[in-house]
Amino acid sequence: MPAPIRLRELIRTIRTARTQAEEREMIQKECAAIRSSFREEDNTYRCRNVAKLLYMHMLGYPAHFGQLECLKLIASQKFTDKRIGYLGAMLLLDERQDVHLLMTNCIKNDLNHSTQYVQGLALCTLGCMGSSEMCRDLAGEVEKLLKTSNSYLRKKAALCAVHVIRKVPELMEMFLPATKNLLSEKNHGVLHTSVVLLTEMCERSPDMLSHFRKLVPQLVRILKNLIMSGYSPEHDVSGISDPFLQVRILRLLRILGRSDDDSSEAMNDILAQVATNTETSKNVGNAILYETVLTIMDIKSESGLRVLAINILGRFLLNNDKNIRYVALTSLLKTVQTDHNAVQRHRSTIVDCLKDLDVSIKRRAMELSFALVNGNNIRGMMKELLYFLDSCDPDFKADCASGVFLAAEKYAPSKRWHIDTIMRVLTTSGSYVRDDSVPNLIQLITNSVEMHAYTVQRLYKALLDDISQQPLVQVSSWCIGEYGDLLVSGQCEEEEPIQVTEDEVLDVLEGLLVSNLSTPVTRGYSLTAIMKLSTRFSSVNRIKKVVSIYGSSIDVELQQRAVEYNAMFKKYDHMRPALLERMPIMEKSSSNGPTEMVQTNGETEPSALESKHPPPVTQPTNQANDLLDLLGGNDVGPVIQTSMPTKQASSGGELLDLLGDLSLTGGPTSAPVSTGPPPLPGFLLDGLSSSQNLFNDISAAGIPSMTAYNKNGLKIEFTFERATPNPNIAVITIHASNTTDADMTEFVFQAAVPKTFQLQLLSPSSNVVPAMNQGTVTQVIRVLNPQKQQLRMRIKLTYSHKGSAVQDLAEASGRVVWEPDPEHGVETP
Amino acid sequence: MRFMLLFSRQGKLRLQKWYVPLGDQEKRRLGRELVQTILGRKAKMCSFLEWRDLKVVYKRYASLYFCCAIEEQDNELITLEVIHRYVELLDKYFGSVCELDIIFNFEKAYFILDEFLLGGEAQETSKKSVLKAIEQADQLQENIDFQMRLFPAPS
C-alpha cells in the first residue's frame, strides 16, 4: 500500500475543493484510507494519519475512530508520536469519552519520564482535561513535581495542581506542604503559576485563606520589585515589567485583604503606588490599574484610597478606548451601592455614555444611570433617559421602560410630572412596556385623585392618535371607563379641556373592539370600559346594544363578559350603579406582581346570590349570641378569614345584604357608605391582572356586618372594611335605622374602646334618623388595633324621639382582624 | 479561561482550545453561534461582550479573529494582553505570521499555545522562554535518531 499522503498535502488538496460536496468527498476518501491504515496497525504512519484526522475534525467531520490510535501514539517511544498523540487526546478524548481513562497509565509513566518535554506534555494534558478519577490517581505525581527544582516542570505542575483541585477539591490539603517556598522563586513562570495556585486555594477554603495571609508582605515585596526595578527585556510589555504577574498578585492581594484590616493596611501603600505610578498610555497599564481599582474597592481600604480608585474609573470613562470605558462602567456599577456619592460626581459622563454607539456600553450606562437617579437629579436624569428610550434598540426598551417607571414612582417631584412621564413612555415605547406595568400604572393613576381629569384627557388624546400600542390602549380604555364623565364634562384644570361628546368617546371604545390591532385582552378592557360608562353617560341604550352584540362573540372571554353585563342590565339593574361605581384608592400589594386573577364565573353568580339571600345579620332578639357566633367567640379562637373573596358571588351577596337591610324594593339606592370615605374593597384589588374584572368595583366587606344595637325601633348595624395598607386598622361604618313611625332627631352616636385601641369617629351623615326605615344615618369609625385583640366597644346613643330625650348604653365586642388569604372565601356562619 | 477560538472572517474555525469538558455536539453548536455573534458585530464596537452567561473577549488580527471566553472574575483587559502575547509568539515562530501559516501548521499553533497557557492560565510570562521551549521540543522531534530509551525516572 502506498504511503499515506502527508498532512500538508492533504490540507492543500482539501482547500482546492470548490463546493462543500466536493470537500466531503475528498474527506470521505481520505478517512477510508486512514481507517484501513489503522487496521493494518501501521506504526510508521500512524502519527501522520492522526494528524490528518485532527485537521478533518477541525473542519467539522467525525473523528472518533481515531481515539484509540491517539492512545497508541501516546504510548509510543517517539517524541513526535507523543506530541501528536497528546494533542489528539486533548482534542478527541475529553472526560466524557469511554476510553479517556485508558490514558491514565501512560500519563503516569510520562510524568516520570527522563525528558522534561515529555513530562511537560503529560502535565499539560492532565492539567487541561484530566477527569476527576484521573486526577485522583495522579495527584501524587503532580505533587512530587511541584517540589522539583526544575522550574520548567514546576510551573506546569502548579497549574496542573490547580486543575486537580478544581476537579477534586478534597485533595487541596495534599498540596499545602509543597507551597511553602513557591514565592521565593526567581523564575517568573513559577511565580505566576504559584500565585494562581495560591489564589485557587484561598478562594476555596477559608482555612487556607487565613493560613496564607502571612504571605501578604512577601507579595507586596514582589510587586514592589516589579514596579521599581529597571527595564527587564525578558518580561517587559510596553515599558511595564511582567504585567501578567502584577495583575495576578493584585488579585491575590484582593482575596487576602478582603475582610482583614491588618492585611488591608499592609497593602495600602503599594496599591497607592501602583495606582499613581502606572503608565496609562497603553492597554497594559490600564489593565493593571483596573485590577488595582477592583482590589481597592474590595478590601478594607481607607477612604482616600477609595476616592483615588473612583477617580481612576472616572478618568477611564473619558478614555478614547471604548474597552476602557466599558470596563469603567462595569466597575462603577459594582461600586455604586457602596460609594454612591463618589460615583454621583461622574454622573454627567455616565449619562453621555448613553449616546455611545456600542451596545454593551449603552446597556451598562443605562443600568448605572438608573442606579444614580435620586430625588435631586430626577428631572434632568429622566429627560436623558427618556431621550435614550426613544432612540435605543428594541432589546433595551422593555428594561428601560421598567426602569423609568420605577424611578418615576420613587422620586416623582409632582403627580403631574409623574403622569406626564408615564404618558411619554406609553406613547413612544408603548408596545415594549412589560405586561405587569399595566396594572401598576392603573393603580398609580387611581391614586392620583386630583389628576384624574387631566390623565383621562391626555390618554384619550393619545388614543385618537394611535391604537396600536396595546399597553397604552389598555390603560387608556380603563381610564376612560372610570373617568369618562370627567372627560365629557370638560373638567380638566391642568390644561385646556377638550370638547368631547359621549358618542365620540363611545366611538373610540367601540373602534377598539372591532380593530384587528387590538388583542383579546385589550378588547376585554374596552368592553368593560364601555359598560362602566353606562352609569356615567346618559346614552345607555347605545351601550346596551353594544353589550348585547358581543353576547354572541366568538371570543369566549368577551362573550362571557357581555352576557354578564347584559344580565346586569336586565335582572340586576338595581345593582348596576353600585357595581360600576368609581374605583376607590387601591392599596399597593406587598408583592409587586399581580396576584391571582379574580375569576368571573357567570353561572355561579346568580345561584350564589340566591344562596346568600338570608342575611345573617338581623336577629334582633339573640343579639349577643349573634355577635359571638359571627365573631368566633371570645377566647383564642381562629381568626376570621376575612380575606379576599375569590368569588364575586360572595361579594355580590354582601352587597345584597347591605342593600337588603335598607330597602328590599330594589330601587337604586345610593351605596350606604357614600357619606364616609369611599369603601375600600380590600384584596380583590391587590393586583389587577390584565383581564380587568368588573366586579372588582364592588366594595367587598371582609367581615359580615353585625347588628350592634337594636332596641326601641333603633337599629345600629356595623359593617367592616379593611382600611389603609395598615392591617391593624378596622373601618367600621355604623348604619342607624329607625323602624318607628317618628323620626329620631338630634341623634348622636358615641363610642369608647379600651386603652389598647385607638378610636377615630368621623362625622355622621346626619343627625336625624328618619322613621319607617326611610333612610339611615351613617358614620364611620376607625379603630386601630395594634395588638390584634378582641374589640370591645361601648356605645352611647342619645336622641330625641317623640319629644322625649332618650339615652342608652350598649356594648359590642368581637375579633376584628384581617389576615390576607386569597384562597379562602368569606365564611358566613 | 474557558475556551479559545480562532476563526476566519468567513467563520471557518482555525483553532479551538477547550478548557471545560463539553460534548462534541455542544462544542460545535456553541462555537458556531458565538462565531456568528462576533462576526455580526461592527468594527467600532468594544472587544468585550456578555454572551449567554459568559464573558467574551475578542480581537481581530488581519483576517483572523482571536476569541476567548473568560471567567466572571477574570480581568478583560489583561486577557487582551494574553491574546496579544499569543499572536506575538506565533509571529516570532513563523516569522510574520499570517492565516495560512496557521492553517497549514495548525498542530504547531497548538504546541505553542500549550507552552504558553495551561488549563486556561498563563504558565510562562517570558516570551523568550516559551519560544526556547518550543525550539527545543522541535529539535527533539527532528532528531529521528534520538530514540527514547526506557530509563527509570531520575529520583
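# Second largest cavity

The second largest cavity is lined by 16 residues, and those that lie nearest its centre are A:Arg83, A:Leu121, B:Phe111, B:Asp114 and B:Glu115. A cavity is a set of points on a 1 Å grid over the protein atoms alone where a 1.4 Å probe fits but cannot get out, and lining residues have an atom within 4 Å of a point. The model is predicted: local features need pLDDT of at least 70 and side-chain atom pairs pLDDT 80 or more, while totals for chains, interfaces and linings use all residues. Residues are numbered from 1 along each chain, chains are lettered from A and ligands numbered from 1 as written, and side-chain values use heavy atoms without hydrogens or water.

The volume of the second largest cavity is about 160 Å³, a volume being the space filled by probe spheres set on grid points joined across faces, edges and corners. Elements of both chains supply at least two residues each to the lining of this second largest cavity: α5, α7 and α9 of chain A, together with α4 (106-116) and α5 (127-142) of chain B. Among them, α5(A) gives the most to the lining, with five residues. Helices (H or I, at least four residues) and strands (E, at least two) are DSSP runs, numbered from the N terminus. By class, the lining of the second largest cavity has 11 nonpolar, one polar and four charged residues; Ala, Val, Leu, Ile, Met, Phe, Trp, Tyr, Cys and Pro count as nonpolar, Asp, Glu, Lys and Arg as charged, and the others as polar.

# Largest cavity

A search of the whole structure finds 13 cavities of 30 Å³ or more, and the largest cavity holds about 240 Å³ of space. The largest cavity is lined by 18 residues, and those closest to its centre are A:Arg248, B:Ile78, B:Thr79, B:Val82 and B:Glu121.

In the lining of the largest cavity, at least two residues are supplied by each of α13 (243-257) of chain A and α2 (76-94) and β7 (121-122) of chain B. The largest share of this lining, four residues, comes from α13(A), and the lining as a whole divides into eight nonpolar, five polar and five charged residues.

# Largest pocket

The largest pocket has a volume of about 930 Å³, where a pocket is an open set with protein on both sides within 12 Å along at least five of seven lines. The lining of the largest pocket is made of 44 residues, and those that lie nearest its centre belong to chain B, namely B:Leu13, B:Gln16, B:Trp18, B:Lys27 and B:Arg28.

Chain A contributes to the lining of the largest pocket through α2 (20-39), α3 (46-59), α5 (79-92), α7 (116-129) and α9 (151-167), and chain B through β2 (13-18) and α1 (24-39), each of these elements supplying at least two residues. The largest share, seven residues, comes from α1(B), and by class the lining of the largest pocket has 18 nonpolar, 11 polar and 15 charged residues.

# Packing around helix α7 of chain A

Helix α7(A), which supplies residues to the lining of the largest pocket, packs with helix α8 (residues 132-146) of chain A at an angle of about 135°, with their axes 11 Å apart. That angle makes α7(A) oblique to α8(A). The contact (heavy atoms within 4.5 Å) is made by A:Gln119, A:Leu123 and A:Leu126 of α7(A) and by A:Met134, A:Cys135, A:Leu138, A:Val142 and A:Leu145 of α8(A). By class, this contact of α7(A) with α8(A) has seven nonpolar, one polar and no charged residues.

The axes of helix α6 (residues 103-111) of chain A and α7(A) come within 8 Å and cross at roughly 135°, and these two helices are therefore oblique to each other. The contact is made by A:Met103, A:Ile107, A:Asp110 and A:Leu111 of α6(A) and by A:Val118, A:Gln119, A:Ala122, A:Leu123, A:Thr125, A:Leu126 and A:Met129 of α7(A). Its residues comprise eight nonpolar, two polar and one charged.

# A roughly parallel helix pair

The axes of helix α21 (residues 378-391) and helix α23 (residues 415-429), both of chain A, come within 10 Å and cross at roughly 10°; axes are lines fitted to C-alpha atoms over the stretch in contact, with angles from 0 to 180 degrees between N-to-C directions. α21(A) and α23(A) are therefore roughly parallel to each other (under 35 degrees; over 145 is roughly antiparallel, 65 to 115 roughly perpendicular, the rest oblique).

The contact is made by A:Ile378, A:Arg379, A:Met382, A:Leu386, A:Tyr387, A:Leu389 and A:Asp390 of α21(A), together with A:Trp417, A:Thr421, A:Arg424, A:Val425, A:Thr428 and A:Ser429 of α23(A). By class, this contact of α21(A) with α23(A) has seven nonpolar, three polar and three charged residues.
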